[in-house]
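Please keep the sequence and the 3D view at hand while reading.

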Amino acid sequence: MPRKTSRRHTRYLIVGNSAGGIGAVEAIRQVDADGTTTIVSDEPYPAYSRPEISEYLAGLTTVERMLFRPPDFYEKNRIEAILGVAATRLDLRKRRLEFEDGRTVTWEKLLLATGGRPTAPRIPGAAREGIFTFTTLADADRIRAALRPDSRAVVIGAGLIGLSLTHALVRLGVPVAMVELLDRPLASALDQQAAAVVERALREAGVELVFGQTVAQVLGRPEDDRRVGGVRLQDGRQLPCEILAIAIGVTPRTELAAEAGLRVSRGIVVDRHMATTHANVYACGDAAEAFDFVHGVERVTPIWPNAYMGGRVAGLNMAGRETAYSGGTGMNALTYFGLAIVSAGLQEPSDGPGFEVLTCSDGDSTYRKVVLRDGRVAGLTFVGDIERSGIVFGLMRDGTDVSTFKEALVAPDFGLTMLPEGWRRERLAPLATEAA
Amino acid sequence: MTLSSAARPNGARPAIRRIYPLEDLCMGCGLCEVHCLVEHSRTRDVIKAYLRERPAPLARLRVERQDHLFLPVQCRHCPEPLCVYSCLTGALSRDPTTGEVHVDETRCIGCWTCILACPYGAIGRDLQRGIIAKCDLCPDRSLPACVAACPNEAILYVEEAV
């Protein structure tokens, strides 16, 4: 790449052009219409909906339709976008970011929204061609380019990423085997009963499921050992495949932050204002450890809505409007394979004192579960009928004491009319009360 | 989106349109749901909308009925819209001028993340079209259909200064 000596100064510098970065620039523009704002990413596209790469791989959408904001977003908001160039070094003293092509940008306020990268286990034989991850558009393009009419796939990991990839592959007619170390799919997001619903849907879609196993070795092809031909599991079983995908999670991208001397634990450490340990430097999203209101600690919850909301809080603070992050927690809505499942917070609580689990099941089609801790919602799982789940999640987010109406939370006809009248008076009709 | 002069007599000051449900007045008749559905149908004909149209149009609000308590529930168009902040695709947005929260139906993929995010349970699923269904405050009308149709004035319409 040719060296460039371009130097630029910006009031707000955002590293990362996805949910967190966009959340930040939209918040900045709400407060400061003019402050120079620059957003940078090593990906070459405008911000796109990362969760849609499954639809994209399946051939059901296009990059244009996946854009997270309208095409004129950057221009309209006067945001300078430096895309397709990797940032390589952060100099906190000089407030300067250096890029691989030699250019530099100095800042007054910096946000690190660098996201995560696929966790890469060390597997013998994994230097072969035909091994993929699945978190970016480029990943989807690579998989698509590698697919042949008779391709078979092994997906390591039955979490969210593995499931989204498997869903795309199944729709493309590719036979898939999923290999998962734990005893069920989506173990970090779902309880056993909801996971069983997912497992059944996967089997009905023709997916081969291997639990309690991991890949011990990647095998080559008889005719070409440099290319993936299959895997050998720990128990010695062999699964043939031409496409091997590693989907065991994401690891925060913290190199820039750590090398610059910011405090990094698993993710970049931030306070309730999304501020790092260095003045005027903020972090959010999959790269950061932000407050989790269920666990009561700072931890990485790598999901899109939390990235956006953390970025929004960072942006407000950067622009001078002091705002505290009320916290996020793991929350997901799953629609793969025609399912409708939502979950949030604790799924399988310990049997310790203070915990209570309420469930209501209507055959296999619907299932509701709410986990209480000291009379407050700490987790929820809804399968099938999900439309009122947000009310329960709201009570969880607000830390509302639900002891007096807890049974209603899992009732089939649950709704706002089952909440205390005071809640409705306060939240639904503040002006109406005066008008009445 | 423009408001009719009837809805905004002085014309000049921007206002945020809001509707508030009044549970003390709601009788649970469900006429708001009927008129909402027809307003959001292609034919805008009650018979055709209910019996013939495919995909079948949906009401964008629901009436909750619990013993003797009735409550029409629709999108609050929140100033801090958690649905917008949670939207995975950018389909949901809040208009900074009108304060209204709208869905771009061409961008919605029916992931239902907004449904989990909405503390009012005010977002529905259109399973035929695979997208969400929510209140749009009836952009073609000076008064939202539910408000106009309520025989007991249980849905209050106000325009609040921005």
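How many bridges join β21(A) to β22(A)? Four bridges join these strands, which run antiparallel. Strands are DSSP runs of E of at least two residues, helices runs of H or I of at least four, numbered from the N terminus; two strands pair if DSSP finds at least two bridges between them.

This is a predicted model, where local features need pLDDT of at least 70, side-chain atom pairs count only at pLDDT 80 or more, and totals for chains, interfaces and linings use all residues. Residues are numbered from 1 along each chain as its sequence is written, and chains are lettered from A and ligands numbered from 1 in the order in which they are written.

**Sheet in chain A**
- β21 and β22 belong to an open sheet of five strands, ordered β21-β22-β25-β24-β23 (chain A), with antiparallel pairing.
- Its edge strands are β21 and β23 (355-362) of chain A, each pairing on one side only.
- A:Met331 stands opposite A:Ala344 in β22(A).

**Contact between the chains**
- Chain A gives 36 residues and chain B gives 31 residues to the contact (C-beta atoms, placed from the backbone, within 7 Å).
- In chain A, elements that each supply at least two residues include β21 (331-334), β22 (341-345) and α10 (389-398).

**Backbone exceptions**
- Most residues other than glycine have a negative phi, and most peptide bonds are trans.
- A:Phe337 has a positive phi of about 55°, and sits in the loop between β21 and β22 of chain A.
- Phi of B:Arg44 is also positive, near 55°.
- The peptide bond from B:Arg54 to B:Pro55 is cis, with omega near -5°.

Methods. Contact = placed C-beta atoms within 7 Å.
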